[in-house]
Amino acid sequence: MPAFMTSAPGKVIVYGEHAVVYGKAAMAAAISLRSYLLVTALTKSQRTITLRFPDIGMEHSWKIDHLPWSAFSHPSKKKYYYDLVDKLDPELVEVMQPHLSVVSPKASPADKKIHQNAASAFLYLLLSLGSKSFSGCIYTIRSTIPIGAGLGSSASISVCLSSAILLQLRTLSGPHPDQPPEEAELQVERINRWAFVGEMCIHGNPSGVDNTVATCGKAVVFKRGDYTSAPTVTPVRNFPELPLLLVNTRQSRSTATEVAKVASLRKSHSSIIEPILEAIDKITESAYHLVSSSAFDSKKSGSVQKLGDLMKINHGLLAALGVSHPKLERIRELVESLDLGWTKLTGAGGGGSAITLLNSNATPSSLQGLQRQLDNEGFEKYQTTLGGDGVGVLWPAVLRSGSEDEGGEEIDQENFLNAKGIEGVEMLVGVGIGASEKREGWKFWSNVGPHVDDEGRQEYTSG
């Protein structure tokens with residue numbers, strides 16, 4: 001099997017934060033910051049599996065013959081690639097522990113937890129889907145998504161791992177232009193289901209939203225009536241690709257604290273807070289209908305302004321709920337002073353990140369001016385795109401500059417590991433942005449993706 005790559009995007013919440021806790025709708029969309037996984041097969045005599053994640057300082061190897069295959073393959077436990085797994089098996093989790101406790105033993109407690117969580121997702125997927133006859137491989141992950149910033153980095157990695165292992169099992173075909181939509185839909189669903197299993201290993205009780213966005217790309221509207229069942233997730237296949245500025249405040253925050261803050265306000269002032277939550281729900285609904293309308297044109301400033309206005313209103317309502325932060329307001333002030341677009345917090349608030357939907361005034365020179373101000377005040381800026389592709393495959397791991405007959409640059413473990421930072425990874429293996437800038441070789445199921453109804457949606461329950 002040749003070396004190959006998989007890739008999946010991060011995500012931001014565009015509309016609906018906090019209201020979603022109370023059964024309202026929210027919209028999340030893919031961003032062009034992505035994770036990349038390079039899989040390289042070893043010789044038959046090399047009976048080891050290695051997981052490398054240099055961006056977080058992790059590397060560990062396991063001897064294939066020493067892994068607990070018998071526990072995972074027992075008739076009462078065995079799962080197949082087409083199965084739906086909605087909870088982890090506690091006995092299988094337990095039997096993995098000796099193989100996880102040896103990962104990064106000298107790391108700090110915080111780093112060790114991150115490393116072992118990543119290893120847990122990897123091993124649970126490998127042991128569930130693979131077998132003892134699996135060939136030795138090196139799995140190397142590089143990510144351009146900030147870790148722990150609420151941008152779906154773990155889900156992006158879980159999608160990369162899920163799709164890679166399913167490809168190794170030859171249970172996925174494509175993606176290719178002639179693939180029947182029903183087949184593409186089924187394959188995307190399988191990737192998503194097993195990515196959700198990886199997310200359960202990392203987070204315990206994930207919503208399923210992050211892995212769905214990372215798998216399907218574009219955007220989704222999600223709604224959870226109660227916490228005893230999975231949310232309803234509606235892919236928005238016709239969500240446009242839009243220029244986005246993502247700014248990290250570098251201000252630590254606690255999601256639990258911000259959620260509790262809103263809950264306290266709601267309890268004390270329900271007649272005021274409930275209408276705010278209802279208004280946020282209406283914003284998400286309006287955004288969904290706007291991008292689903294045949295009249296919406298992302299190349300027209302009027303259409304983009306309507307989306308931006310909804311973001312600005314959403315932020316104002318979130319600020320009224322007390323979940324903004326002086327650093328978030330400062331970012332908004334800097335952007336608005338230069339008239340570059342519409343800014344709101346994304347995620348729980350109280351710090352974290354802000355997103356700005358850029359307008360036509362966002363020229364390279366004006367953005368450079370903003371960059372200087374953000375740098376001076378200690379913020380971290382990422383220029384990205386909203387609403388891009390989901391999971392992608394580069395098979396073999398060769399990026400072509402022209403036709404397939406012209407050859408291309410082979411991606412190997414050495415040059416992948418040595419790529420410096422986000423810019424180096426993107427220059428080496430980046431999928432590209434927009435139809436005119438896509439890198440030759442990368443292919444996406446989202447380009448052939450599932451059958452949708454007349455309004456551009458397909459409703460199903462994740463997990």
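**Exercise 1. Describe how α5 and α6 pack, and list the residues in their contact.**

Solution. The helices α5 and α6 pack at an angle of about 145°, with their axes 9 Å apart; axes here are lines fitted to C-alpha atoms, for helices over the stretch in contact, and angles run from 0 to 180 degrees between N-to-C directions. The model is a predicted one, in which local features need pLDDT of at least 70, side-chain atom pairs count only at pLDDT 80 or more, and totals for chains, interfaces and linings use all residues. Residues are numbered from 1 along each chain as its sequence is written, and side-chain values use heavy atoms, with hydrogens and water left out.

On the α5 side the contact is made by V188, I191, N192, A195, F196 and E199, and on the α6 side by D210, N211, T212, T215 and C216, where contact means heavy atoms within 4.5 Å. Sorted by class, these residues are five nonpolar, four polar and two charged.

**Exercise 2. Work out how α3 and α4 are oriented to each other.**

Solution. Begin with the axes of α3 (residues 109–129) and α4 (residues 153–168), which come within 10 Å and cross at roughly 20°. Angles under 35 degrees count as roughly parallel, and α3 and α4 are therefore roughly parallel to each other. The crossing of α3 past α4 is right-handed. The contact joins F122, L125, L126 and L129 of α3 to S158, L161, S162, I165 and L166 of α4, and by class it has seven nonpolar, two polar and no charged residues.

**Exercise 3. Describe the largest pocket and its lining.**

Solution. The largest pocket holds about 1400 Å³ of space; a pocket, on a 1 Å grid over the protein atoms alone, is an open set of points for a 1.4 Å probe with protein on both sides within 12 Å along at least five of seven lines, and lining residues have an atom within 4 Å of a point. Of its 47 lining residues, the closest to its centre are K11, G150, H203, D210 and T255. The largest share of the lining, six residues, comes from α3, while the elements that each supply at least two residues include β1 (4–15), α5 (181–203), α6 (209–216) and α7 (255–268). The classes in this lining are 24 nonpolar, 16 polar and seven charged residues.

Terms used: Helices (H or I, at least four residues) and strands (E, at least two) are DSSP runs, numbered from the N terminus. Angles under 35 degrees count as roughly parallel, over 145 as roughly antiparallel, 65 to 115 as roughly perpendicular and the rest as oblique. A crossing is left-handed if the near helix is turned anticlockwise from the far one by less than a right angle, and right-handed if clockwise. Ala, Val, Leu, Ile, Met, Phe, Trp, Tyr, Cys and Pro count as nonpolar, Asp, Glu, Lys and Arg as charged, and the others, Gly among them, as polar. Grid points are joined across faces, edges and corners, and a volume is the space filled by probe spheres set on the points.
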